[in-house]
Amino acid sequence: TKLILLDSLLQESMEYSMLYKILIVCLVKASLADYQLEVDADYNLHERPVPEKGGPIHINASINIRNILDIDEKAQLVSLETTLRFYWKDERIKPKEEYLESEDFIGQYTTLNPSLAEKIWMPDIFIDQAKTLRMPTYFTRPASIRVYNNSLIRYSSRINFDVACNMDFHWYPVDQQFCLIKFESFGLQSKQMKLSWLPGPHGLTVNNNITLAQFNCSVELMNEYATDYYETNYPGLMIQLHLTRQLGYHIVQTYIPSSVFVVLGWLSLFIPAESVPGRVGMVMTTMLTLTAMFSSVRHNVPRISYCSVLDVWMLTCIIFVFGTMLEFIAVTILNRDGRKRQAERFERICLIAFPILFIVVSFTYWTVILSE
């Protein structure tokens, strides 16, 4: 009796399930018909479109870089304002002739409300390593759907997002950063879906008025790829941001002031060795100022465990200023031991050698970093 009762319950649940699926299909078809479209009777939004010749569905993409909103070096994030578009063909959906009121470089199309995206099949694309996604919505979501006369569908959406960018600061502040932004399929494998950028100028457009405080920027479309860090391969697309740092800010804020402090350390050598408070006070003030500047510079970058070229410069300046203190100690010892003539000779040598050595080191430093 229990088995008969269980069997009857299963049959009833299967019947309800079938009725539910039929109802959903009918509702989807009816709602799509209301949107100026002709839809196949067996349309199912859970089934991906299959090309006439079989194989994976081909998704073309294009991107418009509207603005680069921010580059956060400490968090290693890049904030972008973009318009992202995807194109695919779905033979099950066709626009009605009377609604083909617009035309572009592809052909005639009808424009639909973005809410229709919930009722048709959509590619499951996500932005890899994105931290935050935002839509600049006022009332209606900034998106649109176009259905062309050849059943080509275009989904376009304005989206702002913060994405991780792995940065290398070895050559800071003459560094170049390469940020890879990846768009991947979340569920469909490479044998089910193929991604590629639109050919020619339609694949990428960049706002020529983008200006950044410390960087020059260029954008390049990369070839499509298949992931190799999952159990299965998923298709993806990449764009590369090439950020080249401008050196002007650091020349004015760091290099020139630190060089002036080194010169002040050298000028302290002209103070007589007998004037201990004046000489020691000048050198120590210069040393503390350089240390504070060094600490301030380090706040602009993450807490990296290696030295950047700016660290090398600041440490060099600190060593030169510290050298003036060592020179004063050596002269004081020689004077105390009664070797005043040797002390004067040593001081004259330091007065000449100090600026020459600093000029040689500076010339070598700038030759190396500017050649990169």
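This note sets out numbered points on a predicted model of one protein.

1. Overall form. The secondary structure of the protein comprises five helices and 15 strands. The protein has a radius of gyration of 34 Å, whereas a compact globule of 372 residues would have one near 21 Å. The C-alpha trace spans about 115 × 60 × 40 Å along the principal axes. These values should be kept in mind when the model is viewed as a whole.

2. Of the 372 residues in the protein, 40% are buried. Among contacts with a separation of 6 or more, 76% are between residues 24 or more positions apart.

3. Strand E9. This strand covers residues 143–148, and six of its six residues are buried. Which residues of E9 lie on each side? Ala143, Ile145 and Val147 are on one side, while Ser144, Arg146 and Tyr148 are on the other, and all of them are buried. In E9, both faces are covered.

4. The partners of E9. Strand E6, residues 108–112, pairs with E9 in the antiparallel sense over four bridges. Within this pairing, Leu112 has Ile145 of E9 as its bridge partner. E9 also runs antiparallel to strand E10, residues 152–164, and five bridges join the two. Here the bridge partner of Arg146 is Arg154 in E10.

5. The turn between E9 and E10. The hairpin of these two strands has three residues between them. Ser151 lies in this loop and has a positive phi of about 70 degrees, although it is not a glycine. Is Ser151 buried or exposed? Ser151 has a relative accessible area of 1%, so it counts as buried.

6. Gln129 lies in the loop between strand E7 (125–127) and strand E8 (130–134). The relative accessible area of Gln129 is 45%, so this residue is partly exposed.

7. A cis peptide bond. Where does the chain depart from the trans form that most peptide bonds take? One such place is the bond from Tyr172 to Pro173, which is cis, with omega near 10 degrees. Pro173 is in the loop between E10 and strand E11 (176–185).

8. His202 and its surroundings. His202 lies in the loop between strand E12 (193–197) and strand E13 (204–206). With a relative accessibility of 39%, His202 counts as partly exposed. Its contacts, apart from neighbours within four places in sequence, are with Ser62 and Phe105. His202 and Ile63 are 139 residues apart in sequence, yet their C-alpha atoms are 8.4 Å apart in space.

Key:
Residues numbered from 1 in each chain as written. Predicted model: local features only at pLDDT ≥ 70, side-chain atom pairs only at ≥ 80, totals over all residues. Heavy atoms only, no water. Rg over C-alpha atoms; globule rule 2.2 N^0.38 Å. Buried < 20%, exposed > 50% of the residue type's maximum accessible area, 1.4 Å probe, protein only. Contact = heavy atoms within 4.5 Å. Pairing = 2+ DSSP bridges.
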